[in-house]
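Please load the model in a viewer and keep the selection tool at hand. The stops below move from the domains to one pair of helices.

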Amino acid sequence: MIDIYYWPTPNGHKVTIFLEEAGVPYRLVPVDIGAGDQFTPQFLEISPNNRMPAMVDPDGPDGKAIAIFESGAILIYLAEKYGKFMPKDTRGRYAVIQWVMWQMANVGPMLGQTHHFRMYAPEVLKKDFPPEEVEKRVKYGYDRYSNEAKRLYAVLDNELEGKDYMCGEYSIADMATFPWILPYKRQGVDLETEFPNVRRWFDVMKERPAVHKAIEEGRKVGETARQVSDEERRANLFGKRQWDRGRPAAS
Ligand SMILES: N[C@@H](CCC(=O)N[C@@H](CS)C(=O)NCC(=O)O)C(=O)O
């Protein structure tokens with residue numbers, strides 16, 4: 001059975017949405033990123049960038065196990081293995097792959113930074129600075145990534161004009177992008193008035209039973225989160241480097 005090294009985050013949801021949609025059995029191996037599981041030697045063996053999700057398929061292309069990290073690579077692998085959610089002709093295939101790459105290179109990293117500067121940076125800074133100073137320090141990143149978020153929503157909105165899904169047919173491009181749009185309110189985005197095509201697509205995606213199930217399964221995994229101090233959680237998520245976990249420091 002396919003093992004997904006997983007925590008209920010947008011990048012994790014992408015993969016479970018595919019597996020639920022395709023009806024492929026899988027097992028979730030929790031990687032509690034707040035508690036630092038992403039730094040264990042066993043996990044780094046399959047995901048050297050210390051990020052989840054990662055996948056181990058015991059039944060790889062040559063009959064041997066294969067490990068893959070990066071959610072976009074996992075989606076492409078699964079789409080090819082199961083012959084689903086990606087067209088087979090070269091033109092259609094690359095139409096989907098380019099939007100998966102767009103999500104991976106833009107939507108994930110930029111909206112991740114949007115979350116960081118709108119939510120986490122103020123939380124971290126308020127430990128050391130008074131509110132006016134926090135606001136001053138956070139403002140550049142806050143504005144920069146909130147604007148970038150809107151730019152990306154506009155790109156998506158244009159692409160969805162007159163279409164049910166990003167590439168016409170439902171595909172891994174939608175599965176990759178939707179989980180990052182789910183927390184749109186946190187990104188300071190108003191779907192209703194500014195991005196009507198995204199709103200329509202969002203509502204369709206949210207109602208898909210497999211999407212629902214994937215997010216629900218994720219919620220259950222989230223309930224297993226271990227108790228760690230705020231300080232430890234922040235260090236794991238925003239500061240820790242692999243060499244803090246036993247690797248020699250760079251000189
Ligand atoms: N480009 C990677 C990004 C993965 C990623 O950033 N995962 C986050 C959670 S969404 C993570 O593992 N964070 C742990 C950490 O920051 O140490 C992918 O799409 O798989």
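**Stop one: the domain boundary**

Between the two domains, 13 residues of domain 1 are in contact with 13 residues of domain 2, contact meaning that C-beta atoms, placed from the backbone, lie within 7 Å. The model is predicted: local features need pLDDT of at least 70, side-chain atom pairs count only at pLDDT 80 or more, and totals for chains, interfaces and linings use all residues. Residues are numbered from 1 along each chain as its sequence is written.

Select 2-84 + 212-244 for domain 1 and 90-207 for domain 2; such bounds come from an automatic or database domain assignment. The domain centres, taken over C-alpha atoms, are separated by 21 Å.

Next, colour helices H1 (10-22), H3 (71-82) and H10 (230-238), the elements that each give two or more residues to the side of domain 1 that touches domain 2. Helices here are DSSP runs (H or I, at least four residues), numbered from the N terminus. H1 supplies the largest share of that side, six residues.

**Stop two: H1 against H9**

Finally, show the contact residues, among them Gly12, His13 and Thr16 of H1 and Ala210, Val211 and Lys213 of H9.
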